[in-house]
Amino acid sequence: VMYGGRAIDDFDRRVLKIYMDEYMGDFIFDTFQPFHFYVNDEIDYRIPEGDHRDQYIEVIESLPLANTPEVFGLHSNAEISYYTLAAKDMWKQLVELQPQTGESSAGVSREEFIGGVASDIQSKLPPAFELDRIRKKLGDLSPTSVVLLQELERWNKLVKRMGISLVQLQRALAGEVGMSNELDELARSLYNGQIPTIWQ
């Protein structure tokens, strides 16, 4: 369950049953020694006492709308990560809300701006590494050398992908080929100053 798998045999079923007994056993309903999911000076997460629906609703409505990471068993730094990602997402959406057509205050159209950025990036793309020559120069391959060669191979694929996509984008801006969804996303990312998805 934790890794997205399924209970495919009796051993899996046995492990899952033990986990369920450990975390969701009858001890949760023990009135002699109440079980608290989480408790501090301000709040107490436990199974509400009562026999009527209204009593349960009253307890549920008294719970806070926002919880600290400790309630879920997480470190307090998890909240920092959450707010960081939320801020990044908010700024990304704000950037995408800016007008995508017309001319800027400098009198440059959107297509001209994107074409200029694409040409600038294309002129700065480094040549691909010659892996065969590097492999011969390294001689006997150590684990570090293997990792280095793998990373250089990925780098070559990225540089090649960037070069091809930039050429296709410039041809699409010139009207020589159609603007596909992939090229449109690339153009939008370059216009907004973001890293395109196809380069990640």
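Okay, ground rules. What you see is a predicted model, so local features need pLDDT of at least 70, side-chain atom pairs count only at pLDDT 80 or more, and totals for chains, interfaces and linings use all residues. Residues are numbered from 1 along each chain as its sequence is written, and side-chain values use heavy atoms, with hydrogens and water left out.

Let's start with the rings. There are four aromatic pairs in the structure. To pair, rings of Phe, Tyr and Trp (its six-membered ring) need centres within 6.5 Å; planes under 30 degrees apart are called stacked, over 60 edge-to-face, and the rest tilted. One of the pairs is Phe35 with Phe37, edge-to-face, at 5.1 Å centre to centre and 85° between the planes.

The scale here is buried under 20% relative accessible area, exposed over 50%, and partly exposed in between, using a 1.4 Å probe and protein chains only.

On to the helices. Helices (H or I, at least four residues) and strands (E, at least two) are DSSP runs, numbered from the N terminus. Look at helix 7, residues 181–192, and helix 6, residues 143–173: their axes come within 10 Å and cross at roughly 95°. Axes are lines fitted to C-alpha atoms, for helices over the stretch in contact, with angles from 0 to 180 degrees between N-to-C directions.

Contact, by the way, means heavy atoms within 4.5 Å. Helix 6 brings residues including Arg161, Leu166 and Leu169, and helix 7 brings Leu183, Leu186 and Leu190 among them. By class, that contact has seven nonpolar, two polar and two charged residues. For the classes, Ala, Val, Leu, Ile, Met, Phe, Trp, Tyr, Cys and Pro are nonpolar, Asp, Glu, Lys and Arg are charged, and the others, Gly among them, are polar.

Helix 7 also meets helix 4, residues 110–124; those axes come within 9 Å and cross at roughly 90°. From helix 4 the contact includes Arg110, Phe113 and Ile114, and from helix 7 it includes Arg188 and Tyr191. Here the count is eight nonpolar, no polar and two charged residues.

What does Arg110 do with the ring of Tyr191? Its charged end sits over that ring, 5.3 Å from the centre. Sitting over a ring needs NZ of Lys or CZ of Arg within 6 Å of the ring centre and within 35 degrees of the ring normal.

Last, a few single residues. Lys157 is in helix 6 and exposed, at 56%. Its C-alpha is 9.9 Å from that of Trp199, 42 residues apart along the chain. Glu61, in helix 2, is exposed at 64%, and the C-alpha atoms of Glu61 and Leu141 are separated by 63 Å. Phe29 lies in the loop between helix 1 and strand 1, and is exposed at 59%.
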